[in-house]
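Please look first at the sequence and then at the fold shown with it. The paragraphs that follow move from one residue to its surroundings, and from there to the whole chain.

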Amino acid sequence: MPKPTAPILYVRPGCTACLHIIGVLDRNKIDYELVDTSRRPVPAWLATQPELPLPALNWEGTRLRSLDVTQLIRFLKDRDVPVFKAHPHPITAIPRHRHS
């Protein structure tokens, strides 16, 4: 069985919702690729509106736009991923590098 690819999280600096999503993924030790949309181009599916609907997540072809913590937790539970609800120490800045 092939190893699943890491989800791709699209964020921008100053996006509080983005920080919350990063916190949930980190707290739950879910590997992901982080794309800072201020530094890298976005795919066509995301660039359909004048203002990008961030945070956005592409998880093996399932695309979620304008994501919030409740939606992310529901999505993870639907995929049978055990989750904690929130990050105990909210992060204050988008990390420059993310390992997966």
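In which strand is V35 found? V35 belongs to strand 2, where helices (H or I, at least four residues) and strands (E, at least two) are DSSP runs, numbered from the N terminus. The model is a predicted one, in which local features need pLDDT of at least 70, side-chain atom pairs count only at pLDDT 80 or more, and totals for chains, interfaces and linings use all residues. Residues are numbered from 1 along each chain as its sequence is written, and side-chain values use heavy atoms, with hydrogens and water left out.

Is V35 buried or exposed? V35 counts as buried because its relative accessibility is 2%; buried means under 20% relative accessible area, exposed over 50%, and partly exposed in between, with a 1.4 Å probe and protein chains only. Leaving out residues up to four places away in sequence, V35 touches I8, L9, Y10, V11 and R40, where contact means heavy atoms within 4.5 Å. Y10 and V35 are 25 residues apart along the chain, and a distance of 4.8 Å separates their C-alpha atoms.

The pairing of strands comes next. Strand 1 and strand 2 pair in the parallel sense over four bridges; two strands are said to pair if DSSP finds at least two bridges between them. In this pairing, I8 has E33 of strand 2 as its bridge partner. Together with helix 1, these strands make a right-handed β-α-β unit. A crossover is called right-handed if, with the strands pointing away from the viewer, the path from the first strand over the helix to the second runs clockwise.

Helix 1 has twelve residues and reaches 17 Å from its first C-alpha to its last, close to the 16 Å expected at 1.5 Å a residue; the expected span is 1.5 Å times one less than the number of residues. Its buried residues are C18, L19, I21, I22, G23, V24 and L25. The buried residues of helix 1 pack against strand 1, strand 2 and helix 2. L25 illustrates this setting, as L25 touches L9, I30, Y32 and L72, again without residues up to four places away in sequence.

A nonpolar core is a set of buried Ala, Val, Leu, Ile, Met, Phe, Trp, Tyr and Cys residues joined through side-chain atoms within 4.5 Å. The largest one has 23 residues, of which L9, Y10, L25, L57 and L72 touch the most other members. At least two residues of this core come from each of strand 1 (8-11), helix 1 (16-27), strand 2 (33-36), strand 3 (56-59) and helix 2 (69-78). Helix 1 gives the largest share, five residues.

A covalent link is also present. The structure holds one disulfide, a term for a pair of cysteine sulfur atoms within 2.5 Å. This disulfide joins C15 to C18, with 2.3 Å from S to S. The torsion about the S-S bond of C15 and C18 is about 80°, and the disulfide is therefore right-handed. C15 counts as buried because its relative accessibility is 6%, and C18 counts as buried because its value is 0%.

Some backbone features call for attention. Most residues other than glycine have a negative phi, and most peptide bonds are trans. K29 has a positive phi of about 55° although it is not a glycine. K29 is placed in the loop between helix 1 and strand 2, and K29 counts as exposed because its relative accessibility is 74%. D80, likewise not a glycine, has a positive phi of about 60° and lies in the segment after helix 2. With a relative accessible area of 70%, D80 is exposed. Between L54 and P55 there is a cis peptide bond, with omega about 0°, and P55 lies in the loop between strand 2 and strand 3.

T37 is found in the loop between strand 2 and strand 3. T37 counts as buried because its relative accessibility is 16%. Apart from neighbours within four places in sequence, T37 is in contact with Y10, V11, R12, V42, L52 and L54.

Finally, consider the chain as a whole. The chain has two helices and four strands, and its pattern along the sequence is β-α-β-β-β-α. Of its 100 residues, 34% count as buried. Among contacts with a separation of 6 or more, 63% are accounted for by residues 24 or more positions apart.
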